[in-house]
There are 2 protein chains.
Amino acid sequence: MRLSRYFLPILREVPKEAEIISHRLMLRTGMIRQESAGIYAWLPLGKRVLDKICNIIREEQNRAGAVEILMPTIQSADLWRESGRYDDYGKEMLRIKDRHERDMLFGPTNEEMLTEIVRAYVKSYKDLPLNLYHIQWKFRDEVRPRFGVMRSREFLMKDAYSIDLDFESAVTAYNRMFVAYLRTFARLGLKAIPMVADTGPIGGNHSHEFIILASTGESQVFCHADYLAMDTPAAGVNFDDAEELQSIVNRWTSLYAATEEKHDEAAFGVIPEGERLSARGIEVGHIFYFGTKYSAPMGAKVTGPDGVDSPVHMGSYGIGPSRLVAAIIEASHDENGIIWPEAIAPFSVGLLNLKAGDAATDAACDSIYATLTAKGVDVLYDDTDERPGSKFATADLIGLPWQIIVGPKGLAAGTVELKRRADGARETLSLESALARIVG
Amino acid sequence: MRLSRYFLPILREVPKEAEIISHRLMLRTGMIRQESAGIYAWLPLGKRVLDKICNIIREEQNRAGAVEILMPTIQSADLWRESGRYDDYGKEMLRIKDRHERDMLFGPTNEEMLTEIVRAYVKSYKDLPLNLYHIQWKFRDEVRPRFGVMRSREFLMKDAYSIDLDFESAVTAYNRMFVAYLRTFARLGLKAIPMVADTGPIGGNHSHEFIILASTGESQVFCHADYLAMDTPAAGVNFDDAEELQSIVNRWTSLYAATEEKHDEAAFGVIPEGERLSARGIEVGHIFYFGTKYSAPMGAKVTGPDGVDSPVHMGSYGIGPSRLVAAIIEASHDENGIIWPEAIAPFSVGLLNLKAGDAATDAACDSIYATLTAKGVDVLYDDTDERPGSKFATADLIGLPWQIIVGPKGLAAGTVELKRRADGARETLSLESALARIVG
């Protein structure tokens with residue numbers, strides 16, 4: 001993409017209303033624009049990151065056997081009356097009356113609707129196991145939305161729902177998502193630690209929050225330091241092998257890890273002092289087995305192999321892609337701007353033409369741009385007539401992993417500069433070597 | 001995808017509530033489920049088609065230089081008060097009060113919000129031309145929603161907005177989208193004819209509806225039959241060349257084409273009788289130049305090369321992907337079910353194992369499935385233990401372009417059957433030849 005044809009409205013001043021660094025950086029880099037309190041438009045740079053995150057989530061959901069659907073945003077209140085949650089939900093639910101005065105709402109989550117779909121179509125244990133997910137905008141009418149897309153009212157959520165005949169197979173379904181989440185966060189460039197979470201009246205121990213560590217995190221978390229070095233399950237993990245899944249989950253739950261609410265100082269104290277980690281954390285995912293909480297009242301039953309009908313066992317599995325964009329920035333930035341992990345960078349390479357309009361630099365940049373684009377590399381080509389200093393600042397601010405800097409002086413010597421954003425390392429090398437470094 | 005692990009809830013009975021064939025077929029094939037009047041969940045098969053349509057739209061928007069963003073669904077009423085449309089819009093607008101009693105609404109379209117974004121960031125003629133688009137769910141509270149996703153309340157729309165300094169460059173922007181739409185519909189397997197549409201108080205002749213012909217169409221349309229054979233602009237068209245664009249638009253507007261509202265019987269009568277086409281049509285896109293209608297009242301101005309500030313000239317360009325799914329089925333089905341155009345088929349190939357559980361057929365199917373999947377071909381592998389007759393019926397109903405039929409008898413002779421859904425042509429040939437036919 002040529003910057004001269006792109007829409008990248010960089011703000012020179014730091015917006016005052018933004019309290020946390022990710023919000024400030026997302027506004028400054030023109031990733032988002034606030035349209036109302038807690039409601040944001042995603043501008044081109046932000047949209048690209050959001051899409052890349054969603055695609056990684058999608059790939060790992062599919063790998064684990066979940067099937068994608070798309071439920072609508074507007075739901076009937078009647079569905080929520082069936083589960084009893086319409087009255088319970090409180091003011092966070094955006095309630096709506098349509099032109100016929102029917103009670104509707106903007107979905108804050110989809111347990112009821114998904115259970116309705118299951119009730120309509122799934123009749124036999126032979127149709128199970130099943131896991132359906134969607135990535136759709138949700139609305140929660142927070143009293144005081146803040147921190148940008150970290151805690152917005154309209155937000156994107158991937159929510160998956162597993163449907164199984166009994167508790168045992170539901171646990172395997174839970175484990176599939178546990179493993180899928182480990183892989184997802186690792187691919188996003190994050191160290192996410194599964195921490196025991198509340199199960200409320202459901203009981204049991206099948207509820208985990210996935211937490212990333214960031215100094216600006218919303219809550220205090222406690223865990224064994226070994227989590228930071230633990231191996232992520234490989235892409236080849238067999239999601240049909242219940243034992244393999246369980247052994248991965250066992251390993252990842254064998255050490256102490258808890259959020260503030262579930263923290264047990266005594267158990268934490270048992271960890272040798274040098275291996276205790278107490279830090280701020282941001283929740284980026286939550287998985288939860290809730291059994292027959294919705295299927296029983298809503299009558300979502302299947303016939304078992306014994307001919308007996310019983311309500312299905314379900315779990316839900318959420319990740320907030322829009323929130324993740326902010327969380328990743330909280331975890332990965334410096335004083336000059338964002339540092340995108342390679343997998344979700346809006347572009348992999350920034351190509352800086354230091355003298356646009358000069359025949360030689362233009363020709364060199366055009367050739368680099370064409371070569372990389374043909375190889376499928378996303379390049380943002382700064383072909384504008386801004387000063388070099390401004391181009392350097394913008395490139396650092398928006399945090400693309402690589403910068404190729406092309407100026408007339410270097411070109412005369414047959415070289416360009418290659419800068420790695422993560423550590424600022426700069427190298428002067430031939431054009432061919434620079435390209436080889438990027439396309440491998 | 002193995003059917004045994006997929007969620008494809010085929011209905012054996014034709015739902016009574018569905019009046020038109022696309023609605024019946026989408027319900028029967030488990031593409032959608034109605035969740036409320038005019039509100040649908042997209043089940044896996046439907047979601048795949050919707051995604052493929054969106055991707056083609058996206059590729060052609062990008063090719064024409066439009067840049068993707070994503071605006072939120074919920075908007076502030078204040079924005080619409082600025083343009084004067086909040087009161088004008090009537091009951092089709094879903095009006096909402098949030099917990100602080102602020103007037104909000106579910107966006108039926110985004111002219112106001114886009115104009116607000118332009119006003120915030122675009123200050124100089126040097127930032128133009130610009131075309132921003134998004135693909136987002138909209139809501140229009142129809143009194144009597146019907147015909148399934150053809151006329152639903154919650155629907156997906158791609159809406160692009162061009163922003164230019166003056167009328168002349170706005171016309172070029174309009175022509176870019178005109179050409180992009182011709183390419184988009186052709187890639188979707190549709191013959192879409194641009195027809196003169198109303199411009200209301202804006203005046204001029206820069207408003208076209210793109211209409212496809214289908215016997216179940218919602219309105220009568222009239223055009224020269226030569227439109228059906230007209231060449232689609234090539235992928236290499238230069239979207240920077242205003243003259244090239246204008247010459248394509250001239251050619252595509254040189255013959256008579258009008259919807260019922262704009263029909264001129266006298267002008268139509270001039271066409272030689274054998275070349276007159278009068279048929280039912282479905283609107284699948286609309287492009288419209290509306291000048292300074294929003295930028296003037298909302299103060300979206302840029303400084304021109306002469307140092308004078310003036311409101312930008314804008315146009316909007318809509319396509320409804322969710323509606324398109326239904327429109328394509330209306331245009332492409334037979335008595336056995338849907339016939340998907342290759343580019344948007346949910347899967348390219350249905351692989352029918354006629355004796356699942358038999359070692360030889362299983363092995364042959366597994367090998368075909370692995371080979372095609374490795375080559376990037378989308379395959380739906382019917383590995384269930386349904387009867388062959390039921391598998392044939394399902395394959396025809398869901399309308400995948402190719403069926404590879406594998407049975408023990410054929411295998412013994414070293415052959416499989418390849419069926420083309422479009423014309424029902426069947427061939428018996430070796431496994432290798434069948435694969436070669438598909439991967440080319």
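A residue counts as buried here when its relative accessible area is under 20%, as exposed when over 50%, and as partly exposed in between, with a 1.4 Å probe and protein chains only.

A quick word on ground rules. This is a predicted model, where local features need pLDDT of at least 70 and side-chain atom pairs count only at pLDDT 80 or more, while totals for chains, interfaces and linings use all residues. Residues are numbered from 1 along each chain as its sequence is written, chains are lettered from A and ligands numbered from 1 in the order in which they are written, and side-chain values use heavy atoms, with hydrogens and water left out.

On confidence, the predictor gives the complex an ipTM of 0.97 and a pTM of 0.97.

Now for the fold. Chain A carries 14 helices and 23 strands (DSSP runs, numbered from the N terminus: H or I of at least four residues for helices, E of at least two for strands). Along the principal axes, the C-alpha atoms of chain A fill a box of roughly 80 × 60 × 40 Å.

Hop over to chain B and find B:Y294, in the loop between strand 13 (276-291) and helix 9 (295-298). B:Y294 is buried, with a relative accessible area of 4%. Setting aside neighbours within four places in sequence, B:Y294 is in contact (heavy atoms within 4.5 Å) with B:S83, B:R85, B:E111, B:E112 and B:T115. B:R33, by comparison, sits 261 residues from B:Y294 in sequence and 37 Å away in space, C-alpha to C-alpha.
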